[in-house]
Amino acid sequence: MLTTDAVLSVGLNHYLFLSALLFSVGMMTVLLRRNLIVMLMGIELMLNAVNLSFVAFSHYTQNLNGQIMVFFVMTVAAAEAGVGLALAVNVFKKFKEINIQQFEKLKG
Amino acid sequence: MGPGEHHCHSGVYSLDAIGIGVDMQEAILFYILGSLAVVCSLGVLLSKNPVSSALYLALTMVGLSFVFVGLDAFFIGMVQLAVYAGAVMVLIVMVVMLFDLKKEEDSFSPGFFGNGLKVILGGFMVGAIASVIAYSTEMILSAPKITQAEPVDMSVKALARLLFTDYVVAFEILGVLLLLVAIGAVALSRIPGGTHADD
């Protein structure tokens, strides 16, 4: 099934596979790590994977709306990183470490 | 003018002359940048030091931005380079430096069995997405609307025109969101205590 033509002529499928791989690695990072900052990095990775599939669809269907969506996703991701890091600073202030397990002690 | 005769007259950077067509060039670029992105994202997942995780993430972002440029999304590629690989990474690295997180023994969540289950489920997810992609993209791309008679304007100018006409309300709301986030981040960081928690 895997012919040389399918490997050498890169199409939409290839970009979507790359996007799926990156998304899954980002998801693993969120699931497996306990450091809050590294988990935030995993979220950034997942958002980037989604951006990649947006751009790939935009290129292969010749439609600019996908690139607009990427622009919005990037802005929201930057905002999310800002708030997430502010929360991380708060958790570090209280507990001197930023393990995700400390979050359950944040009551009130 | 077909895709193959694009660079023929320039001669300076023409790879067609030595038998590497445009398809092949795209494939080489894709495989180099794609493997860079995947390897560096695995570095984010596996390295125990948060600083090297952050630097691997920056490399992933750089690789992806060049993939975007390869897909003719020049503006998005440059914004990716400036915003992600620049601003967000500086933010993350600064916070990591602030915390002094070098001694990280239990950086992975505990439980060999649970983690194995998570990895297996992630593998299942890759497989599911891959099979869905393999079965559905033919259908998507062969839809009749795709084959337009005249080429669509995909330039940065057209992108800007679309952003400031059809999407102008969303753009303004995004400005409000950024303002709220700035205020919220300052408010969160001003809770008494300081980074040196004994104050």
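The model is predicted: local features need pLDDT of at least 70, side-chain atom pairs count only at pLDDT 80 or more, and totals for chains, interfaces and linings use all residues. Side-chain values use heavy atoms, without hydrogens and water, while residues are numbered from 1 along each chain as its sequence is written, and chains are lettered from A.

F71(A) and F72(A) also belong to a cluster linked by ring pairs, together with F75(B), F164(B), Y167(B) and F171(B).

## Ring pairs

Over all chains, the whole structure holds eight aromatic pairs. Rings of Phe, Tyr and Trp (its six-membered ring) pair if their centres lie within 6.5 Å; planes under 30 degrees apart count as stacked, over 60 as edge-to-face and the rest as tilted. One of the pairs joins Y15(A) and F30(B): the centres are 4.7 Å apart and the planes stand at 70 degrees, so this pair is edge-to-face. The pair crosses between chains, with Y15(A) in helix α2 (residues 12-32) of chain A and F30(B) in helix α1 (residues 22-46) of chain B. Both Y15(A) and F30(B) are buried. For F71(A) and F72(A), the ring centres are 6.1 Å apart with planes at 55 degrees, so that pair is tilted.

## Chain A

Chain A has four helices and zero strands, giving the pattern α-α-α-α along the sequence. Helices (H or I, at least four residues) and strands (E, at least two) are DSSP runs, numbered from the N terminus. Of the 108 residues of chain A, 61% count as buried.

## Where chains A and B meet

Chain B brings 84 residues to the contact and chain A brings 70, where contact means heavy atoms within 4.5 Å. Together the two chains bury about 7300 Å², with 76% of it on carbon and sulfur atoms; buried area is the accessible area (1.4 Å probe) that two parts lose on being put together, summed over both.

Between chain B and chain A there are zero salt bridges, a salt bridge being a side-chain nitrogen of Lys or Arg within 4 Å of a carboxyl oxygen of Asp or Glu. On the side of chain B that touches chain A, the largest share, 14 residues, comes from α1(B).

Conventions
Buried < 20%, exposed > 50% of the residue type's maximum accessible area, 1.4 Å probe, protein only.
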